[in-house]
Amino acid sequence: MKDNNPLSPHIQIYDWHISSLVSICHRITGIINIVIITLICFWVSLLLLGNANYELIQNFFETFLGKFIIIGTTWSFSFQILSEIRHLFWDLGFGFELKISNITGLIVIFGSFILTIFIFIFGQGIFL
Amino acid sequence: MVQINLPKNSKIQKGKYYKDKTGSKNIRKVNVYRWDPSNGENPRIDTYEVDMDNCPSKVLDLLNKIKNEIDPSIAYRRSCAHGVCGSCAMNMDGKNGLACTKSHKEIKGDINIYPLPHLRVQKDLIGDLSTLYKQYESVEPWLKNSKKDETKENLQSIEDRSKLDGLYECIMCACCSTSCPSYWWNGDKYLGPAVLLQAYRWIIDSRDEERKERLKKVADELKLYRCHTIMNCTNACPKGLNPAKAIASIKKMLATS
């Protein structure tokens, strides 16, 4: 087809579904997680260099931004884990019916927040 | 390649406004994507006020009414009007479907009608599907069987036949393929849900003798594995089929064989 024919609108007009939303979030959290894991590796290597580094980073984690990053990372990992479990079931051939995929999608979305809160509370040592 | 924004010549402009002339009190606004290949202008959205008291129930009826009574220049494909031919596939209210089976009562607010997403527009609501048809041809959608005897039936058990249920009903309307973001970005290489569902229909057919070759042909990073189970295809299918499941079945067959 000639190039001067216009392209019909796509993502601008297409409705979001639960499944497409979870899918794009799965990708975004995947990229975030790679970055975060790399940073965690740097963090661990820095600790080897002594006490001063530990306190510097510890102080950063006490700030609002630091806390936001920690909680955000926890959510990102929670989302990725739940969504990946959903993908594993798909790979086995289960859960493709529209209703079921919508339910599992909602479980992933809400479950990721619940899991984040759970991990946060667990980290505070309330269960110990 | 992912390109979120529309190219320059595809930016949508504001179009004409057709005011209601019947004096009816039951009026709905219908926004329709228009593009005229003859004048070199950008696409536009025309708005029609339609008298709903004298309009049958489906979106296709609405378009027919506009074409017959308000603006005869509007172009769209349609044929059977019973959800069998797949000609009137378009994007209504942000979702792909067949205009002849979609009731306009289901749509709240103004009715927005666009051509199928991410296609080269030929005119108004008509998109160019030739790439999809070429891809369909590439999966060789016909029975391959070495039996030359034409006096005997080619029998199939009830169980084998039931494997084709949910596949043979596909009418190739392209609602699923054009709803798939993966197909938007890689439409030239990725086969898309419609064609992969058809490919699976021949792979799973017990009478076909070239299952292995068919599987081998489709097992490709771009052709098949661009499916990320976004499930827009299953959400869009006006016949209630499940292309996502068919694609997953192909992947599973490849992984286990």
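In chain B, 14 residues of domain 1 are in contact with 11 residues of domain 2, two residues being in contact if their C-beta atoms, placed from the backbone, lie within 7 Å. Strand 5 (residues 95-98) of chain B gives the most to the domain 1 side of this meeting, with 4 residues; helices (H or I, at least four residues) and strands (E, at least two) are DSSP runs, numbered from the N terminus. By class, the side of domain 1 that touches domain 2 has 7 nonpolar, 6 polar and 1 charged residues. Here Ala, Val, Leu, Ile, Met, Phe, Trp, Tyr, Cys and Pro count as nonpolar, Asp, Glu, Lys and Arg as charged, and the others, Gly among them, as polar.

This is a predicted model, in which local features need pLDDT of at least 70 and side-chain atom pairs count only at pLDDT 80 or more, while totals for chains, interfaces and linings use all residues. Residues are numbered from 1 along each chain as its sequence is written, and chains are lettered from A and ligands numbered from 1 in the order in which they are written. The model scores ipTM 0.89 and pTM 0.92. Chain B averages a pLDDT of 94, and 100% of the residues score at least 70; pLDDT is the predictor's confidence in each residue, from 0 to 100.

Turning to the build of chain B, domain 1 spans 8-127 and domain 2 spans 130-256, with bounds that come from an automatic or database domain assignment. The centres of domain 1 and domain 2 of chain B, taken over C-alpha atoms, are separated by 31 Å. Chain B holds 8 helices and 8 strands, and its C-alpha atoms fill a box of roughly 65 × 40 × 30 Å along the principal axes. Of the contacts in chain B with a separation of 6 or more, 67% join residues 24 or more positions apart. Among the 257 residues of chain B, 39% are buried; a residue is buried if 20 or more other C-beta atoms lie within 10 Å of its own, exposed if 12 or fewer, and partly exposed in between, with C-beta atoms placed from the backbone.

The largest nonpolar core has 64 residues, of which B:Met90, B:Ala99, B:Ile113, B:Leu196 and B:Ala199 touch the most other members. Such a core is a set of buried Ala, Val, Leu, Ile, Met, Phe, Trp, Tyr and Cys residues joined through C-beta atoms within 7 Å. Helix 5 (residues 193-203) of chain B supplies the largest share of this core, 8 residues, and at least three residues come from each of domain 1 and domain 2 of chain B. Neighbours within four places in sequence aside, B:Met90 is in contact with B:Tyr76, B:Ala99, B:Ile113, B:Tyr114, B:Pro115, B:Leu116 and B:Leu125.

The contact between the chains takes 40 residues from chain B and 23 residues from chain A. On the chain B side, helix 8 gives the most, with 5 residues, and the residues divide into 18 nonpolar, 17 polar and 5 charged. In chain A, the buried residues of helix 1 are A:Ser19, A:Ser20, A:Val22, A:Ser23, A:His26 and A:Thr29. These buried residues pack against helix 3 (64-91) and helix 4 (98-123) of chain A, together with helix 7 of chain B.
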